[in-house]
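Here is a short tour to read with the sequence and the 3D view open side by side.

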Amino acid sequence: MSETFRAILVSRNDDKTQTVRVEEMSEADLMEGDVTVAVEATTVNYKDGLAITGKAPVIRRFPLIPGIDFAGTVLSSGHARWKEGDKVVLNGWGVGETHYGAFAGRARVSGDWLVPLPETMSPLDAMAIGTAGYTAMLCVMALERHGISPDRGPVVVTGAAGGVGSVAVSILSRLGYHVVASTGRTSEADYLKGLGAADILDRAELSGPARPLGKERWAGGVDAVGSHTLANVLSMTSYGGAVAACGLAQGMDLPSSVAPFILRGVSLLGIDSVMAPLALREEAWHRLSEDLDRNKLAALSTTIGFDGIIEAARAIVDGGIRGRVVVDMSA
Ligand code: NDP
C-alpha cells in the first residue's frame, strides 16, 4: 500500500461557502502529471490566503488542494528533463487554483512547470522567496529592461512590509537603488531599513485619489497594491520612468488618467508570474540566487509547520503578516 500524507482540501458547499479540512491522502488521489514530487517546503502567499478564506475566486475547481508554490525532491518522473532525486521549484501554472497544489506531502504536476532549485539554495530558502519573491524579481528585471538603473533616481516600493514588497526592497537596495518603502505599518520602519530601505513613506500619502500629475518623486517603482496607490505612484513618477505593477492589495481598479503616460512618457509594466515563460522563470531564479542577500531573506521570513498554514492564510488577507511565511513540511 502506498504511503499516505496530509493534505489541506478545500471543498464547496451547496450554498457556495467553502469548507477547509485536513485529509489523509495517497498518491493515487493526486491529479494527472508526469512528475511526482515530495513537497519539502511551501509558503503562504496572499493568493493562498484568498484561496483558503474564499475571499476571492482563486480556486476554480473543487475540491482542491491549495498552495501555489513548492520546493522539493522528484520521487518519480516520466518527463525527459527530470529524474528521481532532482531538486525542483514550482511557482504558479494554475497549481493551487485548478490543479492540486502545494499544501500536501506530495504533488504530481507537469514536468514542464518545474524549475531546477538553484544549487546554492535549500527548499526552505526557495520558499522564503516563493512566488512573492520571484514576482519581485520579475518586477526588478522589468525595470532594468526599461533602463531604470540606480543612477536614474529613487524607486518606490508599495506594500513594502508584505511579501513581494519586502523582497523587492531587499533586491533593489542590494543592486544599489535608493529605495523609498511605502507602508501602512510605519512601526516596521526598522525592519524595512534593515532590508535596505533608504526612506519610509506612510502609505496614507498614496492611498487617496490621485491628481493627474504630482511632484516627480521617483524614477520607477514596484507596486503590489494597485488602485489609488498605483495611480499616485504613476502620477509622481519622473519623466521617462516606469512602474512595474504586480498586485492588487488595495484594489483591482486603477483610477488614474493618461497624463503620466502622454505628458511624462511614463510606462506601466505589467507583471504576471503565473504563466510567465520558462526562460524568464529560470532567469529570475538565477538572479535571486545572486542578487538577494540570504541574511536579509532570513530576516524577512518566519517559519511555520504544516499545522500553521490555515491560520497564516487567514492572517495574510487581514494584512497581519510581515514579510514571508515559510512552511517546513517536516516540522
Ligand atoms: P502580502 O499580504 O504579504 O503584502 C501585501 C501588502 O500590501 C501588505 O503587507 C500591505 O503592506 C499592503 N496593503 C494591504 N492592504 C492594503 C491596502 N488596503 N492599501 C494599501 N496597501 C495595502 O501579499 P504579497 O506580497 O504576497 O502579494 C502582494 C500583492 O501582489 C497581492 O495583491 C498579490 O495577489 C499580488 N501578487 C501578484 C503576482 C503576479 O503574478 N502578478 C504574484 C504574487 C503576488 P504594508 O503593511 O507595508 O502597507
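Lys16 is exposed, with a relative accessible area of 61%. Keep in mind as you look that this is a predicted model. You will find Lys16 in the loop between β1 (4–12) and β2 (18–26). Its phi is positive, about 70 degrees, although Lys16 is not a glycine. As background, most residues other than glycine have a negative phi, and most peptide bonds are trans.

Trp93 is another non-glycine residue with a positive phi, in this case near 60 degrees. Is Trp93 buried or exposed? With a relative accessible area of 18%, Trp93 is buried, because the cut-off for that word is under 20%. Trp93 sits in the loop between β5 (87–91) and β6 (106–109).

## A cis bond and a strand residue

Which two residues does a cis peptide bond join? They are Phe62 and Pro63, and omega there is about -10 degrees. Pro63 belongs to the loop between α1 (46–53) and β4 (69–77).

Both partners of that bond turn up again around Val10, whose contacts include Phe62 and Pro63. Leaving aside residues up to four places away in sequence, Val10 also touches Gln18, Thr19, Val20, Ile59, Leu64 and Pro66. Val10 is part of strand β1 and is buried, with a relative accessible area of 0%. For a sense of scale, take Val10 and Val266: they are 256 residues apart in sequence, and their C-alpha atoms are 42 Å apart in space.

## Asp86 in its loop

Asp86 is in the loop between β4 and β5. This aspartate is buried, at a relative accessible area of 15%. A polar atom of the Asp86 side chain lies 2.8 Å from the backbone nitrogen of Lys83.

Which residues does Asp86 touch, not counting those up to four places away in sequence? The answer is Gly72, Thr73, Val74 and Arg81.

## The kinked helix α2

Now follow helix α2, which runs over residues 123–145 and has 23 residues. Its end C-alpha atoms are only 29 Å apart, whereas a straight helix would reach 33 Å at 1.5 Å a residue. Where is the kink in α2 centred? Look at Gly130, where the kink is about 70 degrees.

Helix α2 is mostly covered, with 19 of its 23 residues buried. Just after α2 comes Gly147, which takes a positive phi of about 85 degrees.

## Around the ligand

There are 24 residues around the ligand, and Val164, Thr183, Gly184, Arg185 and Ser273 come nearest. An N or O atom in the side chain of Arg185 is 2.7 Å from an oxygen atom of the ligand. Ala160 uses its backbone: one of its N or O atoms there lies 3.4 Å from a ligand oxygen atom. On the nitrogen side, a polar backbone atom of Ile271 is 2.9 Å from a nitrogen atom of the ligand.

How much of the ligand's accessible area does the protein cover? The protein covers 87% of the 910 Å² that the ligand has on its own.

Conventions. Residues are numbered from 1 along each chain as its sequence is written. This is a predicted model: local features need pLDDT of at least 70, side-chain atom pairs count only at pLDDT 80 or more; totals for chains, interfaces and linings use all residues. Side-chain values use heavy atoms; hydrogens and water are left out. Helices (H or I, at least four residues) and strands (E, at least two) are DSSP runs, numbered from the N terminus. Buried means under 20% relative accessible area, exposed over 50%, partly exposed in between (1.4 Å probe, protein chains only). The expected span of a helix is 1.5 Å times one less than its number of residues. The bend at a residue is the angle between axes fitted to the seven residues ending there and the seven starting there. A polar contact is a pair of N or O atoms within 3.5 Å; within protein, one must be able to donate a hydrogen and the other to accept it, and residues adjacent in sequence count only if both atoms are side-chain atoms. Contact means heavy atoms within 4.5 Å. A residue is near a molecule or strand if one of its heavy atoms lies within 4 Å of it. Accessible areas come from the Shrake-Rupley method with a 1.4 Å probe; for residues, only the protein chains shown count as cover.
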